[in-house]
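Subject: Structure handover

Hello,

Here is the structure for your files. Please open it beside this note. My findings follow below.

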Amino acid sequence: MSGKNKKSSRKNGDQEMALRRRRIVLFSLVVVVVLVAAITIMIYKYLESSQPQAKKEPPAYRTEQTVQINYKGQPLIGSTNAPVKIVEFADYRCPYCKVFEQDVVSQLKKEYIDTNKASFYFINYTILGPGSVLAASAAEEVYHQNPQGFWVFHKALYEAQGDENADKDWVTKDLLTRIAKKTVPSLDVRAFQSALDNQTHKKEIAEDNQLAEDLDVPGTPAVFVNGHYVEGSQDYLILKQAVDHALKEK
């Protein structure tokens, strides 16, 4: 092999060696960067987890303040002079409201309402669609025609409640008319049907819904005792504690 060829071969070998070294260096740098990033993330997560977590507090009015509720014009059982006012926001299509009506209200009536310790108000919160609004419209019309007859209609309407998922359209004008005629014999049926057709009580229902939203009502049924929201009010014992506490404050 000539000297010229030897020099050329050696030069190529040196270039390949230099290229290999650069690749090794580059690969090493990438590994170091990845390791540093991984260690940084681990340290950050450790520091984050070691910090005390702030406890999410419920809205202030639920525990510290008394909200103002306008009871005027709302269906009522009991004495307006009772020291404790209980108000329920509910939807006639809500199955939990039906359970509350059947299992809790009956106990409230016996222990507190009939003894003039508390009064009970019902306010619409129509969150389950057009059927809820239609049912509320019927109840409003019955109340305007016969305030005492309202509660009989109210109870019968819950008893007629269909399955929320299987029968979403169970609330119909015909059904509401039949229940109203049966429960309130003195009802002006033509006026009742006209109120449904013309949405006569649309404004009152909208005002009820707005009141619920202003109070940040979380769902239905929602119960307030003397302006204090009662968490877990579907449990009668919890609601009883709230009422007893309100009585002691008077």
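First, a term: buried means under 20% relative accessible area, exposed means over 50%, and partly exposed lies in between (1.4 Å probe, protein chains only). This is a predicted model, so local features need pLDDT of at least 70 and side-chain atom pairs count only at pLDDT 80 or more, while totals for chains, interfaces and linings use all residues. Residues are numbered from 1 along each chain as its sequence is written, and side-chain values use heavy atoms, with hydrogens and water left out.

Salt bridges

The structure holds four salt bridges. The term stands for a side-chain nitrogen of Lys or Arg within 4 Å of a carboxyl oxygen of Asp or Glu. Side chains of opposite charge can pair when their charged atoms come close.

Take Glu111 and Lys240. Their closest N and O atoms are 2.4 Å apart. This pair links distant parts of the chain: Glu111 sits in helix 3 (residues 95–113), Lys240 in helix 9 (residues 236–249), and 129 residues separate them. Helices (H or I, at least four residues) and strands (E, at least two) are DSSP runs, numbered from the N terminus. Glu111 counts as partly exposed because its relative accessibility is 29%. Lys240 is partly exposed too, at 23%.

Lys240 has another partner. It meets Asp244 in a salt bridge, 3.6 Å from N to O. Both residues lie in helix 9, four residues apart, about one turn of the helix. Asp244 has a relative accessibility of 25%, so it counts as partly exposed.

Asp197 is partly exposed at 49%. Lys173 is partly exposed at 36%.

Helix 8

Helix 8 has 13 residues. From its first C-alpha to its last it reaches 18 Å, close to the 18 Å expected at 1.5 Å a residue. The expected span is 1.5 Å times one less than the number of residues.

Which residues of helix 8 are buried? They are Ile205, Asp208, Asn209, Leu211 and Ala212. They lie on the same side of helix 8, because they cover an arc of only 155° around the axis. The arc is that of the directions from the helix axis to the C-beta atoms. These buried residues pack against strand 2 (84–90), strand 3 (118–124) and helix 4 (130–145). Contact here means heavy atoms within 4.5 Å. On the other side of helix 8, Lys202, Lys203 and Asp214 are exposed.

Backbone points

Asp216 follows helix 8 and has a positive phi, near 60°. The peptide bond from Thr220 to Pro221 is cis, with omega near -5°. Pro221 lies in the loop between helix 8 (202–214) and strand 4 (222–225).

Gln199 has a phi near 50°, a positive value in a residue other than glycine. Its place is the loop between helix 7 and helix 8. At 45% relative accessibility, Gln199 is partly exposed.

Asn226 also has a positive phi, near 50°. It lies in the loop between strand 4 and strand 5 (228–229). Is Asn226 buried or exposed? Asn226 is buried, because its relative accessible area is 19%.

Best regards
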